[in-house]
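Visitor: Good morning. I would like to go through this structure with you, one topic at a time.

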Amino acid sequence: MEKDQSNLIKNLKYEVKFDDNTEYLIKADLSKIIYENEAEIVEMQVVDAKFIGSNMIPFKIKSDNALYNNFTYDTKFFDNVTLEYLNNTMLAKNLDLNFTENIITIYNNVVYEGDQGIAKADNVRIDLDTKNVEIFMND
């Protein structure tokens, strides 16, 4: 992210409530709004997000950086990503939260730590509708 001081916003927060009573909260210490293909994209630094579903376990996401689409709410988290739910933690370089398809994709050096132990993978894909989880390697 470029350090153009005139366009920087401190402590920016979005709260999204969907028709199915789920909520998505995202905030960043520092943000910058840019326009890409007529979409408003928010470049975020030091990011905290929370997804609370009416029929699912809430989870938290933290990362050093994120790109948030203010129209679709899709968010690409990157650099030191942490996903926490219950007593489980996943660490990775990248996490894409895709509300268009209701899918979370966690990739690049994924490490799972939880009650079942520690596991490593290249990719984890979570379907928010079915709650199915796929864990797979690139090779």
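Visitor: Which residue in E2 does leucine 8 stand opposite?

Guide: Leucine 8 stands opposite lysine 32 in E2. Please keep in mind that this is a predicted model.

Visitor: How do strands E1 and E2 pair, and over how many bridges?

Guide: Strand E1 covers residues 8-17 and strand E2 covers residues 23-36. They pair in the antiparallel sense, over 9 bridges. Their hairpin has 5 residues between the strands, and asparagine 21 in this hairpin takes a positive phi near 70 degrees.

Visitor: What is the strand order in the open sheet?

Guide: The open sheet has 9 strands in the order E1-E2-E3-E4-E5-E6-E7-E8-E9, with antiparallel pairing. E1 and E9 stand at the edges and have a single partner strand each, so one side of each is left without a neighbour in the sheet. From one strand to the next, the twist averages 25 degrees.

Visitor: And E6 with E7, over how many bridges do they pair?

Guide: E6 and E7 pair over 8 bridges, in the antiparallel sense. As an example, leucine 97 has isoleucine 104 in E7 as its bridge partner.

Visitor: A new topic, then. How many residues are in the largest nonpolar core?

Guide: The largest nonpolar core has 31 residues. Tyr24, Phe77 and Ile106 are those with the most contacts inside it. At least two residues of this core come from each of E1, E2, E3 (39-52), E4 (59-69), E5 (75-85), E6 (88-98), E7 (103-114) and E8 (117-127).

Visitor: Which strand gives the most to this core?

Guide: E3 gives the most, with 5 residues.

Visitor: You mentioned Ile106. What does isoleucine 106 touch?

Guide: Leaving aside residues up to four places away in sequence, isoleucine 106 touches Leu83, Met90, Ala92, Asn94, Leu95, Asp122, Asn123, Val124 and Ile126.

Visitor: How many aromatic pairs does a search of the whole structure find?

Guide: The search finds 7 aromatic pairs. In one of them, the rings of phenylalanine 51 and phenylalanine 99 have centres 5.6 Å apart and planes at 40 degrees, so this pair is tilted.

Visitor: Where do phenylalanine 51 and phenylalanine 99 lie?

Guide: Phenylalanine 51 lies in strand E3, while phenylalanine 99 lies in the loop between E6 and E7; the pair therefore ties together parts that are 48 residues apart in sequence.

Visitor: Are these two buried or exposed?

Guide: Both phenylalanine 51 and phenylalanine 99 are buried. They also belong to one aromatic cluster, formed by Tyr14, Phe18, Tyr24, Phe51, Phe59, Tyr68, Tyr73 and Phe99.

Visitor: Let us turn to the loops. What phi does asparagine 37 have?

Guide: Asparagine 37 has a positive phi of about 50 degrees, although it is not a glycine. Its place is in the loop between E2 and E3. Asparagine 37 has a relative accessible area of 77%; the cut-off for exposed is over 50%, so asparagine 37 is exposed.

Visitor: What about leucine 86, and where does it lie?

Guide: Leucine 86 lies in the loop between E5 and E6. Although not a glycine, leucine 86 has a positive phi of about 45 degrees. Leucine 86 counts as exposed, at 63% relative accessibility.

Visitor: Finally, where is confidence lowest and where is it highest?

Guide: Confidence is lowest in strand E9 (residues 133-136), at a mean of 86, and highest in E4, at 97. The chain averages a pLDDT of 90, and 96% of the residues score at least 70. Where pLDDT is low, the predicted coordinates should not be read in detail.

Methods: Residues are numbered from 1 along each chain as its sequence is written. This is a predicted model: local features need pLDDT of at least 70, side-chain atom pairs count only at pLDDT 80 or more; totals for chains, interfaces and linings use all residues. Side-chain values use heavy atoms; hydrogens and water are left out. Two strands pair if DSSP finds at least two bridges between them. Helices (H or I, at least four residues) and strands (E, at least two) are DSSP runs, numbered from the N terminus. A nonpolar core is a set of buried Ala, Val, Leu, Ile, Met, Phe, Trp, Tyr and Cys residues joined through side-chain atoms within 4.5 Å. Buried means under 20% relative accessible area, exposed over 50%, partly exposed in between (1.4 Å probe, protein chains only). Contact means heavy atoms within 4.5 Å. Rings of Phe, Tyr and Trp (its six-membered ring) pair if their centres lie within 6.5 Å; planes under 30 degrees apart count as stacked, over 60 as edge-to-face and the rest as tilted. pLDDT is the predictor's confidence in each residue, from 0 to 100. Axes are lines fitted to C-alpha atoms, for helices over the stretch in contact, and angles run from 0 to 180 degrees between N-to-C directions.
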